[in-house]
Amino acid sequence: MRAVDIIIKKRDGGTLSAEEIRFFIDAYTAGKIQDDQAAALMMSIFFRGMDYKETAALTLAMAESGEQVDLSGIKGVKVDKHSTGGIGDKTSMIVAPVTAACGVPVAKMSGRALGFTGGTIDKLESIPGLSTSIPVDKMVEIVNRTGICIAGQTSELAPADKKLYALRDVTGTIESIPLIAASIMSKKIAAGADAIVLDVKYGSGAFMKTKEEAQKLADTMCGIGEEVGRKTVAVLNTMEIPLGMCIGNSIEVKESIDVLKGGGSQDLKEHCIHLAGKMIGLGLGISFGEAEKMAQKSIDDGSALKKFAEMIAAEGGDPEVCKDPDKIFGIPAYSKTVRAEKDGHIVKADAYRIGMAAFTLGAGRAVKTDPFDPNAGVKLIVKCDEEVKTGQELCILYSSKPITEESENWAKTAYIYE
Ligand code: URA
């Protein structure tokens, strides 16, 4: 087989066999096919698409390109969750402890994100002392002891995806349904959970701009999950506006703690209860409605917050953060309030623009090796559908360095008036 023939076949709209896909992925992972040919194939798939069988074959080839995590040492149905990303998405830090508090073990691996803010791993590591570099045997031990562990993805997990995702990032080939579906599901399958809950976003702050595209992505991923014997369900959620009121790293840990204490914004709470309901329902084999009631109870009785504190301690962080987050994180050195420049009705704080404000404040990174500022972020005061008066506070920007006009402009222009 020759890589160039596989590229030409897809370029001309052909259907690749499972053998051709496996050959290409194995050779690329082993360094026998170079980035130029892999980029050509990714671009051909971007324009020509892949049918369902090709997407499943690509997923399996990537899942089997490295380590397959064995979670059989953990009793019970292990349920994983994946959000397709977005602005202010802190759901894992809420949903995982809620699910674990309801008796469903959560052994979750997450990656470091490129983007407006860090990913779950970066957000958790903004807690002083906490490290998510946890080997699989230690993860199993922590889950058996506490019921919960969120660990950083090891470099041996789906290495083909790691190389391809980095390549897609710089070749304009991210926004392709088969490529996203295979990328996400390969990591979830390799990470070893029995069941998977997918939180698929659509809107200005998401890869998928429309609900229809998000539904297509969700259906593709659920189909792949079922094909490999993992129960998979998907929930769709808008990312036209940020999720919750805080966007950043430590600021999102604080907001997660607020929700686990019974506070927080309504949209975030409802979405997390919905997701946790799916995880608990799959884990315990009960109806999603019944599972949602259990999820709510774990917040009301404090058991979910206790689980989060146990996980933080098991991963080397200071569990006191759950009692007094400001004491642990400190107050960011610089802050600036953005105010309404006119009277009127604000329709929304656009997710993408708020994300850019957070990014320029230092909350995210452009390449994996970039440092980022754990205390940089945006706290929304007004988010959507609200009458405002000139001078009224809309949001507060935080950073460890002086706040630039650029960040302020992103935040100001995020507010869309009727
Ligand atoms: N997240 C992933 O893990 N992969 C993609 O391709 C897109 C989002």
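## Who sits around the ligand

Let's start with the ligand's neighbours: Tyr-165, Arg-168, Ile-180, Ser-183, Ile-184, Lys-187 and Phe-207 surround it. Keep in mind that this is a predicted model. Sort that shell by residue type and you get four nonpolar residues, one polar and two charged.

In Ser-183, a side-chain N or O atom sits 2.6 Å from a nitrogen atom of the ligand. Arg-168 also points a side-chain N or O atom at the ligand, this time 2.9 Å from an oxygen atom. Then there's Tyr-165, with a polar side-chain atom 3.4 Å from a ligand nitrogen.

How much of the ligand does the protein bury? On its own, the ligand would expose 240 Å², and the protein buries 94% of that.

## Which helices build the shell

Two elements each give two or more residues to the shell: α8, which covers 159-169, and α9, which covers 177-190. The largest share comes from α9, with four residues.

## A closer look at α8

Now for α8 itself. Which of its residues are buried? They are Pro-159, Ala-160, Asp-161, Leu-164, Leu-167 and Arg-168.

Notes. Residues are numbered from 1 along each chain as its sequence is written. This is a predicted model: local features need pLDDT of at least 70, side-chain atom pairs count only at pLDDT 80 or more; totals for chains, interfaces and linings use all residues. Side-chain values use heavy atoms; hydrogens and water are left out. A residue is near a molecule or strand if one of its heavy atoms lies within 4 Å of it. A polar contact is a pair of N or O atoms within 3.5 Å; within protein, one must be able to donate a hydrogen and the other to accept it, and residues adjacent in sequence count only if both atoms are side-chain atoms. Accessible areas come from the Shrake-Rupley method with a 1.4 Å probe; for residues, only the protein chains shown count as cover. Ala, Val, Leu, Ile, Met, Phe, Trp, Tyr, Cys and Pro count as nonpolar, Asp, Glu, Lys and Arg as charged, and the others, Gly among them, as polar. Buried means under 20% relative accessible area, exposed over 50%, partly exposed in between (1.4 Å probe, protein chains only).
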